[in-house]
Every structure is written in structure tokens, then in C-alpha cells.
Amino acid sequence: MWLVLSASAANGQTLTEKLIADDPARLADEARSHGNIIRGAILFHQGNINCAKCHRPSAERDRIGPDLSRMEPETTDAQLIESILQPSKTIKKGFETTILLGADGQIHQGIILNEDAEKVVFRNSQNVDQTLTLRREDIEEMKPGTMSSMPENLANELADRQQFLDLLRYVIDIRERGPEPGAATSGVAVRRELAPDLEGLALIQEMNCVACHRAESFPMVAKAKQAPRLNWSAQWLNPEWVERFVSNPHAVKPGTTMPASPGLRDAAESAQIAKAITHFLVSRAGNQFQTQAIDAEAVTRGHELFNSTGCVACHSPRNDKAVEQPLARSTPLGDLTSKYSVDGLVQFLEDPLVVRPSGHMPKMQLSHREATDLANFLLQSPGKSSSSWRLDTELAKQGELLFVSNNCHICHSEVSAEAPQPGSQVPLDKLRPEQGCLSGDRGNWPGFQFQDSERQLIQTALVSVSRELESEEQIEVSLHAFNCLACHERNSLGGVTAERSPHFQTTNLNLGEQGRIPPTLTGVGAKLKAAWMRSVLANGRTIRPYVKTRMPQYGEENVGHLIDLLQAADQLAESRFAGFQNQEELRNKGLEL
């Protein structure tokens, strides 16, 4: 009877309990002799365990677990086994958890990423993709946690003892193999910044400086950025928003490249001019703006799309209420809820190149339903209605004259019959960098609100870039201009940052990092044929369906020049292949492989 009860109790043990009771030395020996590294690698990235999510070696600031390829040399197999089966027994320094009690009664546990006198930023142990910021005044208590951020009883997610041996064998291999050759000692890839004169050149193109200044002897890499097509904007945008934007673009949408109109005017005069111009634009195209009900189910789907398909490569991530979570180097979207109706935003998202032909907002290959879901998510808190807005034909006539007298037609040439005369002013290479648009003062020139850093970059380009650029320099300017470097790395320039890394996802966790991070562009011109590159860059061909982040379409007229540049710049080292005199030996080697 005693033997039967003992056996029954043993059978009731979990896999974790059985493994803890086993001899660590025996487990390590069996893992080395009978564990399968390939099966272990699949388990390491598998959804129910997903060790890679916390132990990513490529983004140290994004990890809440140690880099397993950089463990201390004295780490034993037994310690490795203990860290998997009993993670809270010994917690590695630098990965201790902290418990925070909020004033609202909520309890948070995670690893502190940054803290100062005003706030605490930490990564949640339960959702490692989520970064939370709490103000000091909203924290009742902070104390060290005793539990590791690594889940207890993780081995219970495995099918059997053999799977544990496979996983352990792979982790042992990671430790013994060490970091990838050439990896930075910090665990983060070494990145460089674009040269200041080239970054300034990209800004000159983005601001469309050639609308007013000739560029015959200036090394422009590609076409300058074109202004949005106002016939579309007048038809689909809220006219009240258009009035406010034209009157004071930088107040309505901070970070916009649209300048305030030339001249020194007070707010009332600017508002009256903007009102007349808006009536003129609507008189040409009509207006279909109308607020619409929001679909709650579409909002949920849109939240997932926004944070996985690639929107967050350029824009700040947003929570489930569509509130921005500010992130450095993000393109601002402004107040979308006062600007768009659902139908208008859907129209825009389905094909942004119709509205913004320069491709700086690329086409993301969204289906109609996906565009609708995204629009509902972004507009879930509707802004002001324009039901009181009515077209005034007399104002429209005044607006047509003001549109030309304020030089709007120079950038928006499709609107007015008045022929613009771009390039009639001082050539770019003859400008005095401290005057006019770059002076920081208002005057009889477009009112750009440059940051000091932007002004300095443009001034550097105007002074320094007086030569023909090398192919590689032209490539780098274009990659920077279209923000390709947010996803791709080329010769240590750009690449996915640690802050944005969690938003690059995959449909197949077994593939690890290569299944979610877009490929490097280093040497790509020598590896791929021009026709293949064109099919991907210009014709929307998709080749990595397991990567959730989509390859944007910028339009061949905008990025087609990159194909020739990459083909010309990249060369592969000469390869020498082994030869066989004996054909039978060749066949035997092939069979062996």
C-alpha cells in the first residue's frame, strides 16, 4: 500500500518539481549528450515560452533578462539549470524587480529603466512590451521585489523531460558560443549618424527650398518634396481645421513642414486670409467632410494594426485609446480627430500617394477593411463638427487672389491658373545662411519654424556641399529622406532602435530575430538583380510574409533612382569555388551534403 501511494504522489508532481528533484549534474550531462540544439532553438522562440522576448541579445535597453551569450565565464551548468527552474532563488544584478504601489491602489512590478525626481519609467514584468511611466506624486510606495521577472514553473509549459533537455542544450550552446562576431560589447549594434552636411541636404529637399531658389550647381539627390494636393484636401478635410491650419500651421500641427505665409501680420489678419483661401479651395472641389459613428470592434483591430504593420516605425506608438506615447524621432500626426472624417482618413490611408505624391507618407498596402479599422482607431474620440460651415462665394473670390499674392501657388501649382515661377530667386549655393528663412526672424519670406539643430544642418549643407556626391552619399541621403533607416541598416547607418523593437513582430516565432526585423541593406545592390529590386521597391511585391511590418510603397518616381545607385555602389568580393576533376567524387559529395 505504501508503495502505491508513493508512486501516486510522484505521478502528481509537475515537470518543474520533477526536474528540481533531479540531480543537476545528470541533467546537464544528458542535455549535452541527448539534447537537440535545433529543437531547443525552436522552443526558445516558441510562443508559450518565448525566451527570446526577454533575452534578446540585439537590444540591451529593451531586455528585462540577461544576454545569455554574455554570461560570466564561471557560470556553471548547474547554475544555468537553477536559473530556469528556480529563477527567483538568485536574481542577477541589474535585473532586480521593483514593486510600486500607485495612489490609485494599483500594484505594478517590473524593472526600472529610468528615474528622476519627477517620474519613474519601468518595464512591466507581466507585459514586457509595455513601458509605464508613473509620476512620483502618484506613487505611494516603492520597494524591492523578491520575485524574478522570469516566470516561475516555466518548465511546465514543456511537453516532457526531453523538451527541457533540448532547451537546456540550446541555452548551453548560446553561452559557449558567445556573442556574434563583430557585435558591440554592450549588446547593441554600433550605429553611426548621417554626416551633418548630408542630413542638411536631405532637409533642403524635404522643405522644397528649390521652389524659390535655383539649384543648377547644387547636388540635389532626388526631386524635392512636393506639397500635398489641395484639391483632395479641400474635398475630404474638415474646412474648419483647414482654416486654422492655414492661419497658423505650426500651432495646429507642431513639426509640420508647411511654413506660415510671408510677411508680418497679426492673428486676426492671418485668420481672415486663411478663411478666404479655404473658401476658395472648397469652391473648386466641394467638400464631403461629415462626422461618423465609430465602430468599437474596428477600434480594437486598428490598435493592433497600428502597432504591428509599420506605423510605429515613423510615428509614436499609441495606447488603446489612441493617445500618443511620445518617442524621439517620431513624425508628428497632429490632431487627426478635428481634421478627418472616417471616410476621409480611409481614402487617405488606402493610397497616400494620391494626396502626397512625394512618397514621404508611403502606401502601406492596406486593404479597405484594414484602412477602415485604422481610421476608426485613430478617430475614436471625434473632434469638432463642421456642420455650421457654409461656402461663401464672395470670400472664395477674395481667396483666389490671396492664394496667389501669398505665393501659395508656388508649391501648390495644381490649384491656381497663375503660373508659378520657381527658382527665380537667389541660387542655393549663393545664399547667405544667416538670413531670410534661416534667420529665425519673421519677414517677407516663408515662416518656417526651424529648430536650432535643423537650421544648423541646413547652413552646414549650404556651405559644405558644393561638390558632386559619391554614389554611397546619394544613397544615404535618400535612405534618410524616406526614413528607410527606421527599419533597415546599411553599413552601420540606421536600423531598428531598442525603443521601437517591440513593435516589429513576426507571424512565426520559430524564426527568431530574422523573422521580425527587416533585412540589412548592406551590399544589397550586389546581391539582388535590378528587376527584382524594382518589383519590391516599386511594384509592391512582398517576399517576407512572416514579418508583420510591411514594406512601404513610395512610388517608382520617388525611389527608382535608388535601384541604379545601389547596383552601381555595391560589389561582392570575388568568390572562388572548389573544383572536382572526378565526376563520381562530385556526385558522392553532393549525395553526402
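The buried residues of helix α6, where buried means under 20% relative accessible area with a 1.4 Å probe and protein chains only, pack against α2 (15-21), α3 (24-34), α4 (37-44) and α5 (77-85). This is a predicted model, in which local features need pLDDT of at least 70 and side-chain atom pairs count only at pLDDT 80 or more, while totals for chains, interfaces and linings use all residues. Residues are numbered from 1 along each chain as its sequence is written, and side-chain values use heavy atoms, with hydrogens and water left out.

**The chain as a whole**

- The protein chain holds 23 helices and seven strands, where helices (H or I, at least four residues) and strands (E, at least two) are DSSP runs numbered from the N terminus.
- Its C-alpha trace spans about 100 × 75 × 45 Å along the principal axes, and of the 593 residues in the protein chain 44% are buried.
- Among contacts in the protein chain with a separation of 6 or more, 71% are made by residues 24 or more positions apart, a contact being heavy atoms within 4.5 Å.
- The accessible surface of the protein chain is about 31600 Å², with 51% of this belonging to carbon and sulfur atoms; such areas come from the Shrake-Rupley method with a 1.4 Å probe, and for residues only the protein chains shown count as cover.

**Helix α6**

- Helix α6 (residues 161-177) has 17 residues and reaches 24 Å from its first C-alpha to its last, close to the 24 Å expected at 1.5 Å a residue, the expected span being 1.5 Å times one less than the number of residues.
- Because 12 of the 17 residues of α6 are buried, this helix is largely enclosed by the rest of the structure; the buried residues include Asp-166, Arg-169, Asp-173 and Arg-175.
- At the start of α6, a side-chain oxygen of Asp-160 comes within 3.2 Å of the backbone nitrogen of Gln-162, and just after the helix Gly-178 takes a positive phi of about 75°.

**Helix α16**

- Helix α16 (residues 393-405) has 13 residues, and the distance from its first C-alpha to its last is 19 Å, close to the 18 Å expected at 1.5 Å a residue.
- Leu-395, Ala-396, Gly-399 and Phe-403 are the buried residues of α16, and what covers them includes α8 (230-236), α11 (267-285) and α17 (408-411).
- The N-terminal end of α16 is capped by Asp-392, with a side-chain oxygen 3.0 Å from the backbone nitrogen of Glu-394, while Asn-407, which follows the helix, has a positive phi near 65°.

**Two individual residues**

- Ser-316 sits in the loop between α13 (311-314) and α14 (342-350) and is buried, with a relative accessible area of 6%.
- A polar atom of the Ser-316 side chain lies 3.1 Å from the backbone nitrogen of Leu-327, and the side chains of Ser-316 and Ser-330 are joined by a polar contact of 3.1 Å; a polar contact is a pair of N or O atoms within 3.5 Å, where within protein one must be able to donate a hydrogen and the other to accept it, and residues adjacent in sequence count only if both atoms are side-chain atoms.
- Glu-304, which belongs to helix α12 (residues 296-306), is partly exposed with a relative accessible area of 42%, partly exposed being the range between buried and exposed, the latter over 50%.
- Not counting residues up to four places away in sequence, Glu-304 touches Gln-505 and Lys-548.
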